[in-house]
Amino acid sequence: MPHTLSSRRTTRRLAADAGLLVVAAAFVLPLAWVVLSSLDPHAGLRVKTPDGLTLTNFDAILTPEITFTPLLNSLLLCGGATLLTVVCAALAAYPLSRFRSRFNRPFLLTILFATSLPITAIMVPVYALFVQVDLIDTMQGTIFFFAASQLPFAIWLMKNFMDGVPKELEEAAWTDGASPLQSLLRIVLPLMGPGVAVVTVFSFVMMWGNFFVPFMLLLTPDQMPASVSINDFFGNRGMVAYGQLAAFSIIYSTPVILLYVLISRRLGGGFALGGAVKG
């Protein structure tokens with residue numbers, strides 16, 4: 001009997017390891033294709049060793065029209081919208097976290113419902129509205145819509161992180177004459193730095209990879225972000241410049257990776273509340 005149990009555990013462990021290897025391969029193979037194809041002068045759809053290592057694919061795309069201008073547009077759109085999202089989410093989450101009202105729960109449920117709305121379902125009325133208010137084909141209009149589309153989930157996240165900051169710390173600040181806004185800026189937000197980092201990264205990543213919104217709201221080619229300009233590598237009649245597409249994908253992914261690396265220490269940290277409140 002012990003031998004049978006041991007063999008069953010071994011079989012289950014091997015099956016679990018095999019399943020994990022399959023899942024890992026599903027993630028690694030596309031990344032391997034991107035890296036190898038960017039260095040291959042004759043890249044195709046297959047994952048293979050390059051015929052010869054070359055940087056010609058990078059040389060072909062490192063131009064203002066193909067890479068630099070779209071990346072700058074992406075940074076302006078996503079950076080501005082992320083900043084607006086984080087600021088508005090903090091201001092909206094603070095009263096939801098600190099003040100009790102019978103409207104809190106319905107409001108939070110409404111926010112949760114708003115996160116489930118598909119973006120394609122609201123683009124037609126949004127497009128018509130932007131035409132009426134002269135925000136179509138403008139960077140600021142796209143930034144506003146990016147921020148509005150990310151706000152529901154950002155408020156939900158921010159509120160949950162804000163609940164972890166003891167209210168006693170704010171009450172001590174209020175006793176010293178601080179206003180609610182000052183306590184938010186000087187007490188709550190510094191203590192929930194990891195939460196702010198999570199909201200920032202999540203919002204930026206979701207906007208950075210968004211193709212549909214700028215494709216619909218921006219008309220001028222010079223204003224298109226990289227998420228839209230990447231479509232230019234897919235030519236007519238099924239012709240695709242796979243090597244250049246892979247090289248552009250690597251450069252396009254770099255800002256997101258750098259953002260995560262820069263604030264990874266904040267993401268890994270917890271709330272520094274030890275000893276702040278005595279029972």
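A crossing of two helices is called left-handed if the near helix is turned anticlockwise from the far one by less than a right angle, and right-handed if clockwise. Helices here are DSSP runs of H or I with at least four residues, numbered from the N terminus. The model is predicted, with local features needing pLDDT of at least 70 and side-chain atom pairs counting only at pLDDT 80 or more, while totals for chains, interfaces and linings use all residues. Residues are numbered from 1 along each chain as its sequence is written, and side-chain values use heavy atoms, with hydrogens and water left out.

Two packed helices are described by the angle between their axes and the distance between the axes. The axes are lines fitted to C-alpha atoms, for helices over the stretch in contact, and the angles run from 0 to 180 degrees between N-to-C directions.

We can begin with helix α5 (residues 119-132), which packs on α6 at an angle of about 145°, with the two axes 13 Å apart, and the crossing of this pair is right-handed. On the α5 side the contact (heavy atoms within 4.5 Å) involves I119, I122, M123, V126 and F130, which meet G141, T142, F145 and S149 of α6.

Helix α6 (residues 139-162) also packs with helix α4 (residues 104-115), at an angle of about 130° and with the axes 8 Å apart. That makes α4 oblique to α6, a word used for angles that are not under 35 degrees (roughly parallel), over 145 (roughly antiparallel) or 65 to 115 (roughly perpendicular). The crossing of α4 and α6 is left-handed, and the contact is made by L108, I111, L112, A114 and T115 of α4 together with P152, F153, I155, W156 and K159 of α6.

Helix α6 itself bends by about 45° at L151, and a proline, P152, follows within four residues; the bend at a residue is the angle between axes fitted to the seven residues ending there and the seven starting there.

Note on methods. Helix = DSSP H or I, 4+ residues; strand = E, 2+ residues; numbered from the N terminus.
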